[in-house]
Amino acid sequence: MKIFLDSSDINEIKPLNKTGLIDGVTTNPSLLAKQQGNFKQILKSIANEVKGPISAEVTAIKADKMIDEARILQKIAKNIVIKIPLTLDGLIACNYLIKKKFMVNVTLCFSVSQALLAAKAGATFISPFVGRLDDIGENGLQLIKDIRTVYDNFNFKTKILAASIRTVTHIQEVLKIGADVVTIPPKIFHELYKHELTVKGLETFLSDWKKSGKQIN
Ligand code: E4P
């Protein structure tokens, strides 16, 4: 099971990468647009910091232009994964790029039928958006469950990358279902390790220890 960070901010990524727990990063055009500076430099510094797959998304609409952009993005770093939207042109581009040995993350997935087509196109990752489905009153977690079932039924190798994560519960649930990867906004990552009883327990241990006058060194 892998943890990716859902961020384009190197200042958020670097400190969290120090944990040794980060297996990759997902960016998207909206996240990159918020950052100051040259987007290629930003992607390069992220790819240099985190050694796993770094998703960088094409912005073209037509398959041939997506492929041109994929070639440009791929040159930024060896660990760049080309992120392609789940459209007909996206599936054509995915199929082509996979044959050319690119890694592809098919994004903006909201249904089982979309996930099935991405797997048949050979996608390395499929990104179902849990939170955005919940936002419109649908059940994002059920989608992850259904994709898991279909992929297992037909032994598809495409990795399920649970995206659009809003809560710690989302993370716990997608992992129980069997998502291969979860991409987590840095803010939510910090909620993963925090617990009120850990804070209280530590305070008690340290104050008892201090009162005893004992020292480790
Ligand atoms: C993942 O690849 C997407 O970039 C991201 O998870 C989208 O999340 P949002 O719905 O919170 O924007």
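C109 counts as buried, because its relative accessibility is 0%. Keep in mind as you explore that this model is predicted.

**Cysteines**
- C94 is buried too, with a relative accessibility of 0%.
- A disulfide is a covalent bond that joins the sulfur atoms of two cysteines.
- How many disulfides does a search of the whole structure find? The search turns up zero.
- C94 takes part in no disulfide, and its nearest cysteine sulfur, which belongs to C109, is 12 Å away.
- Likewise, C109 is in no disulfide, with the sulfur of C94 as its nearest cysteine sulfur at 12 Å. A disulfide needs the two sulfur atoms to be within 2.5 Å.

**The ligand and its neighbours**
- Which residues surround the ligand? They are D6, T26, N28, K83, F129, R132, A163, S164 and R166.
- From N28, a polar side-chain atom sits 2.6 Å from an oxygen atom of the ligand.
- S164 has a polar side-chain atom 2.7 Å from a ligand oxygen atom.
- In the side chain of R166, an N or O atom is 2.7 Å from an oxygen atom of the ligand.
- On its own the ligand exposes 340 Å², and the protein buries 85% of that area.

- L202 belongs to helix α11, which covers residues 196-212.
- Is L202 buried or partly exposed? L202 counts as partly exposed, because its relative accessible area is 46%.

Conventions:
Residues are numbered from 1 along each chain as its sequence is written. This is a predicted model: local features need pLDDT of at least 70, side-chain atom pairs count only at pLDDT 80 or more; totals for chains, interfaces and linings use all residues. Side-chain values use heavy atoms; hydrogens and water are left out. Helices (H or I, at least four residues) and strands (E, at least two) are DSSP runs, numbered from the N terminus. Buried means under 20% relative accessible area, exposed over 50%, partly exposed in between (1.4 Å probe, protein chains only). A residue is near a molecule or strand if one of its heavy atoms lies within 4 Å of it. A polar contact is a pair of N or O atoms within 3.5 Å; within protein, one must be able to donate a hydrogen and the other to accept it, and residues adjacent in sequence count only if both atoms are side-chain atoms. Accessible areas come from the Shrake-Rupley method with a 1.4 Å probe; for residues, only the protein chains shown count as cover.
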